[in-house]
Amino acid sequence: MAALIEAAKAKDFPAEIAVVISNRADAAGLERARASGIAAEIIASKPFGNDRAAFERALEDKLGQYRVDLICLGGFMRLFTAEFVQRWYGRMLNIHPSLLPSFPGLDPHGQALRAGVKISGATVHFVIPETDAGPIVMQGAISVRDDDTAEALSERILTVEHRIYPEALRLLASGRLKL
């Protein structure tokens, strides 16, 4: 998120960050957004329980309030319904810290280390109903070191994420990328 906010400050960047929304009040990104002059909203998911559709209606209302055209997910650990994903088809990106299709879902760094891969990285992809399975927009890779821990690998992959996510948003927002 911080990388997207920073990229959007450039005069020639084709997107504006209208709002940052989290389902957790303690998300560090909310304060970062406010510090950058960007609206920050909380839609707590716990009160909705297992009613994902009701949570999504509240989210849609908030997105409409801010006239959001594109969604960029980052660290959002809730699954969307197929209906929500379909409404945002081709207008919702996610970033995942692995070279998809390898190591989708939770603990991708641990998965990579346990598999013994020598290269890992990050993937920006379009969101579809299946988790981390949407069409790949962009990837960036790094070498996995013999002494890597999940934390060390995560930190190095974060630098890749900061490079590729703004570029993927630039392509989508400028109309040079379509699903």
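How accessible is Arg 87: buried, exposed or partly exposed? The fifth view below has the reply. This is a predicted model in which local features need pLDDT of at least 70 and side-chain atom pairs count only at pLDDT 80 or more, while totals for chains, interfaces and linings use all residues. Residues are numbered from 1 along each chain as its sequence is written, and side-chain values use heavy atoms, with hydrogens and water left out.

**View 1. Strand β4 is enclosed by the rest of the structure.** Strand β4 covers residues 92-96; helices (H or I, at least four residues) and strands (E, at least two) are DSSP runs, numbered from the N terminus. Five of its five residues are buried, so β4 is largely enclosed by the rest of the structure. Buried here means under 20% relative accessible area, exposed means over 50%, and partly exposed lies in between (1.4 Å probe, protein chains only). Met 92, Asn 94 and His 96 point one way from the strand, while Leu 93 and Ile 95 point the other way. In a regular strand the side chains alternate between the two faces of the sheet.

View 2. Two strands count as paired if DSSP finds at least two bridges between them. Strand β3 (residues 71-73) runs parallel to β4, and three bridges join them; look for Ile 71, whose bridge partner in β4 is Met 92. Together with helix α4 (residues 82-87), these two strands make a right-handed β-α-β unit. A crossover is called right-handed if, with the strands pointing away from the viewer, the path from the first strand over the helix to the second runs clockwise. Strand β5 (residues 119-126) runs antiparallel to β4 and is joined to it by four bridges, with Asn 94 standing opposite His 125. The open sheet has four strands in the order β3-β4-β5-β6, with mixed pairing. Its edge strands are β3 and β6 (136-143), each pairing on one side only. Neighbouring strands of this sheet are turned by 15° against each other on average, direction ignored.

**View 3. Helix α6 lies across the sheet and crosses α5.** Helix α6 (residues 150-173) lies across β3, β4, β5 and β6, and runs at about 155° to β6. Axes are lines fitted to C-alpha atoms, for helices over the stretch in contact, and angles run from 0 to 180 degrees between N-to-C directions. The axes of α6 and helix α5 (residues 108-115) come within 9 Å and cross at roughly 115°. Where do the two helices meet? His 109, Gly 110, Ala 112 and Leu 113 in α5 meet Ala 150, Leu 153, Ser 154 and Ile 157 in α6, where contact means heavy atoms within 4.5 Å.

**View 4. Strands β1 and β2 pair in parallel.** Four bridges join strand β1 (residues 19-22) to β2, and Val 20 has Ala 40 as its bridge partner in β2. The chain crosses from β1 through helix α2 (residues 28-35) to β2, and this β-α-β crossover is right-handed.

**View 5. Salt bridges link parts of the chain.** Side chains of opposite charge can pair when their charged atoms come close. A salt bridge is a side-chain nitrogen of Lys or Arg within 4 Å of a carboxyl oxygen of Asp or Glu, and the count comes to nine. Among them, Arg 87 and Glu 60 meet at 2.8 Å, N to O. This pair links distant parts of the chain, helix α4 and helix α3, 27 residues apart. Back to the opening question: Arg 87 counts as partly exposed, at 45% relative accessibility. Glu 60 is also partly exposed, at 21%. Another pair is Glu 41 and Lys 62, at 3.4 Å, N to O; Glu 41 sits in strand β2 (residues 39-42) and Lys 62 in helix α3 (residues 52-65), 21 residues apart. Glu 41 is buried at 18% relative accessibility, and Lys 62 is buried at 19%.

View 6. Most residues other than glycine have a negative phi, and most peptide bonds are trans. The peptide bond from Leu 100 to Pro 101 is cis, with omega near 15°, and Pro 101 is in the loop between β4 and α5. Arg 67, in the loop between α3 and β3, has a positive phi near 55° and is exposed, with a relative accessible area of 74%. Asp 132, in the loop between β5 and β6, has a positive phi of about 55° but counts as buried, at 13% relative accessibility.
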